[in-house]
Amino acid sequence: MSLPCLDESIRPRKMQSASLPRGVEAVRCWCGDVCKVKEVTDFSDWLGMKFSMCANYESDPPESISAYIRPLSPPPVCMYYRWIDTEMPDWTVTEIRERGRRAWASLDLEECREKTEIEDKAEQKKEWEDYCVEQRAFIDEMKRKNQEEKLRLEEV
Ligand SMILES: [Zn+2]
């Protein structure tokens, strides 16, 4: 897929440092600093695509998990970023397919594990029920014996 150079609606969230591809000149952002080169690591439609990003950009290192714990951080000085790649590299196609396969595999595993757990629970429940029945029978037996004993004593 191709992208416009500066699309505010598409802002990569996960990224890693990358090197500037051959033949591409480093750009300067609105701060006047030379931009850092980043590569998208987010599992998205932009995986593996490189872009230039403001060296002072606030989300580097990546944002903390909760947006609520950083309300006091200053607003970004400059949100500049510019795509270097306009298409996803070839390796991402393989990577995405592979991740999809792994996701399905782990899903199968999860389902299998859940099923085993349910079966285990059913087994435990059955054991407990059997135990209760045994206990019940034992108590009934005791009562019956007590009753017999009582009757025997009364007869005497
Ligand atoms: Zn900047």
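Biologist: Which way do Lys50, Phe51, Ser52 and Met53 point from β3, and are they buried or exposed?

Modeller: In this predicted model, Lys50 and Ser52 point one way from β3, while Phe51 and Met53 point the other way. All of them are buried.

Biologist: What stands opposite Lys50?

Modeller: Glu39 is across from Lys50 of β3.

Biologist: And opposite Met53?

Modeller: That position is taken by Lys36.

Biologist: How many bridges join β2 and β3, and in what sense do they pair?

Modeller: There are four bridges, and the pairing is antiparallel. Strand β2 covers residues 36-40, and strand β3 covers residues 50-53.

Biologist: Now the other neighbour. How many bridges are there between β3 and β4?

Modeller: Three bridges, with β3 and β4 again running in the antiparallel sense.

Biologist: What is the bridge partner of Ser52 in β4?

Modeller: Arg82 is the partner there.

Biologist: Zooming out, what is the strand order in the sheet?

Modeller: The order is β1-β2-β3-β4. The sheet is open, has four strands and pairs them in an antiparallel way.

Biologist: Which are the edge strands?

Modeller: β1, at 15-17, and β4, at 81-83, with each pairing on one side only.

Terms used. Residues are numbered from 1 along each chain as its sequence is written. This is a predicted model: local features need pLDDT of at least 70, side-chain atom pairs count only at pLDDT 80 or more; totals for chains, interfaces and linings use all residues. Two strands pair if DSSP finds at least two bridges between them. Helices (H or I, at least four residues) and strands (E, at least two) are DSSP runs, numbered from the N terminus. A residue is buried if 20 or more other C-beta atoms lie within 10 Å of its own, exposed if 12 or fewer, and partly exposed in between; C-beta atoms are placed from the backbone.
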